[in-house]
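Trainee: I am new to this structure and would like to learn how its descriptions are reached. Could we go through some of them together?
Mentor: Gladly; let us look at it first.

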Amino acid sequence: MISQFVCLPKPVAGFSPEMTVNTWNFASLSLFQCSSGYGFRFPHKSKRERRILMCSDSSSQSWNVPVLSSSEVIERLKQARGGQQFLAMYSSVVDGITTDPAAMVLPLDDHMVHRGHGVFDTATIVNGYLYELDQHLDRIIRSASMAKIPLPFHREDIRRILIQTVSVSGCRDGSLRYWLSTGPGDFLLSPSHCREPTLYAIVIKTNLTTNPKGVKVVTSSVPIKPPEFATVKSVNYLPNVLSQMEAEAKGAYAGIWVDKGGFIAEGPNMNVAFVVNGGKELVMPRFDNVLSGCTAKRTLTLAEELVNKGMLKSVKVMDVTLEDGKKADEMMLIGSGVLIKPVIQWDEEFIGDGKEGPIAKVLLDLLLEDMSSGPSSVRVCVPY
């Protein structure tokens, strides 16, 4: 019975199998000819041995590729995991949760992997509570509909799976990121042969930290996404990545997109807001042509408290020109990853007096309080 075979390049003059493979017992192999050259059939073994494939191509350049057993692959995947702590993952492909980081993998033929046909979202875990889970869940379902991705389960089942994944992880402070995809099937352009849509979720251990220090932003030269794509939280973040790389190359924290009409849009993964008219009005660009930020919308609600206290006269969502934005008294970035980050410089111009403004600080305090002790409409208790 054949367990596997490896094809070798077509031989050059003077070729012999013994010259190309140096780690196998030839008594247990049989040589056959294939379209790319020669191959060796490997019988089943009771104990797998590490095998190294050594070849020489026509340019006499030698290379070594190890042929690994499944246990060796798992061990290498464990060693390759670094940086963030992945505590638990759910995959509808296997219909289960794993706590082994080496098993937290996706099929390469998933349409989300090789075609970018998937959507995602994230909810923050704060002291054992999921912050704005339902708001983020509603958004990913809306994004899936716009991306023509059928739901693998009903909304409440997805919600239950997400909460259970966090519960299994034991994580009390971190983030829950989840994806919906048309699923695995093949490597074609159309998802018509994908077997079924998939849900993935992963829990990442992080500490919620804030840095109130102001940052610099630049105007992004990377073309802005058209509204049909900008309003969908899809996995296709290439423009966002390029915009961020451009900003970092210029010594800035982030790039800001301005649309063709000259109105401020958004950052690569955050919304923007401004304090204008002598520090008395909070304004935020419309969500019509950009991603509707859950944190941004919650901040608008929390900002009404500042109106009641007399710190602000009004809170508005409106078009903001590039010129007006740079003349603002305060500017801030808003998103689940940055929370509220004051901006003190845009391109070569300082915002206000070039220092962190008071409204950004107060809004950050309100948001942090909301995340730790807000109402049940924004905080879901995880049953550990």
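Trainee: Why does Thr124 count as buried?
Mentor: Keep in mind that this is a predicted model. Buried means under 20% relative accessible area, and Thr124 has 13% relative accessibility, so Thr124 counts as buried. Thr124 is found in strand E8. Leaving aside residues up to four places away in sequence, Thr124 touches Tyr129, Leu130, Tyr131, Gly174, Ser175, Ser336 and Met371.

Trainee: And what makes Pro358 buried or exposed?
Mentor: The cut-off for exposed is over 50%. Pro358 has a relative accessible area of 57%, so Pro358 is exposed. Its place is in helix H10. Between Pro358 and Pro342 there are 9.6 Å in space, C-alpha to C-alpha, and the two are 16 residues apart in sequence.

Trainee: Why are H8 and H10 called roughly perpendicular?
Mentor: Look at the angle of their axes: helix H8 (residues 294–308) and helix H10 (residues 358–373) cross at roughly 110°, and the axes come within 10 Å. Angles of 65 to 115 degrees count as roughly perpendicular, and therefore H8 and H10 are roughly perpendicular to each other.

Trainee: Which residues make that contact?
Mentor: From H8 they are Thr295, Arg298, Thr299, Leu302, Ala303, Glu305 and Leu306, and from H10 they are Ile359, Val362, Leu363, Leu366, Leu367 and Asp370. Sorted by class, the contact of H8 with H10 has 8 nonpolar, 2 polar and 3 charged residues.

Trainee: What makes Phe120 and Tyr237 an aromatic pair that is edge-to-face?
Mentor: Two values settle this. The rings are 5.5 Å apart, centre to centre, and rings pair if their centres lie within 6.5 Å. The angle between the planes is 65°, and over 60 counts as edge-to-face. The count comes to 1 aromatic pair.

Trainee: Why does the pair tie together parts that are apart in sequence?
Mentor: Phe120 lies in strand E8 (residues 118–126), while Tyr237 is in the loop between helix H6 (227–230) and helix H7 (238–249), so the pair joins parts 117 residues apart in sequence. Both Phe120 and Tyr237 are buried.

Trainee: How do you know that the charged end of Lys297 sits over the ring of Phe287?
Mentor: The distance has to be within 6 Å of the ring centre, and the charge within 35 degrees of the ring normal. For Lys297 and Phe287 the distance is 5.7 Å. Arg379 lies over the face of Tyr129, at 3.8 Å from the ring centre.

Conventions:
Residues are numbered from 1 along each chain as its sequence is written. This is a predicted model: local features need pLDDT of at least 70, side-chain atom pairs count only at pLDDT 80 or more; totals for chains, interfaces and linings use all residues. Side-chain values use heavy atoms; hydrogens and water are left out. Axes are lines fitted to C-alpha atoms, for helices over the stretch in contact, and angles run from 0 to 180 degrees between N-to-C directions. Helices (H or I, at least four residues) and strands (E, at least two) are DSSP runs, numbered from the N terminus. Angles under 35 degrees count as roughly parallel, over 145 as roughly antiparallel, 65 to 115 as roughly perpendicular and the rest as oblique. Contact means heavy atoms within 4.5 Å. Ala, Val, Leu, Ile, Met, Phe, Trp, Tyr, Cys and Pro count as nonpolar, Asp, Glu, Lys and Arg as charged, and the others, Gly among them, as polar. Rings of Phe, Tyr and Trp (its six-membered ring) pair if their centres lie within 6.5 Å; planes under 30 degrees apart count as stacked, over 60 as edge-to-face and the rest as tilted. Buried means under 20% relative accessible area, exposed over 50%, partly exposed in between (1.4 Å probe, protein chains only).
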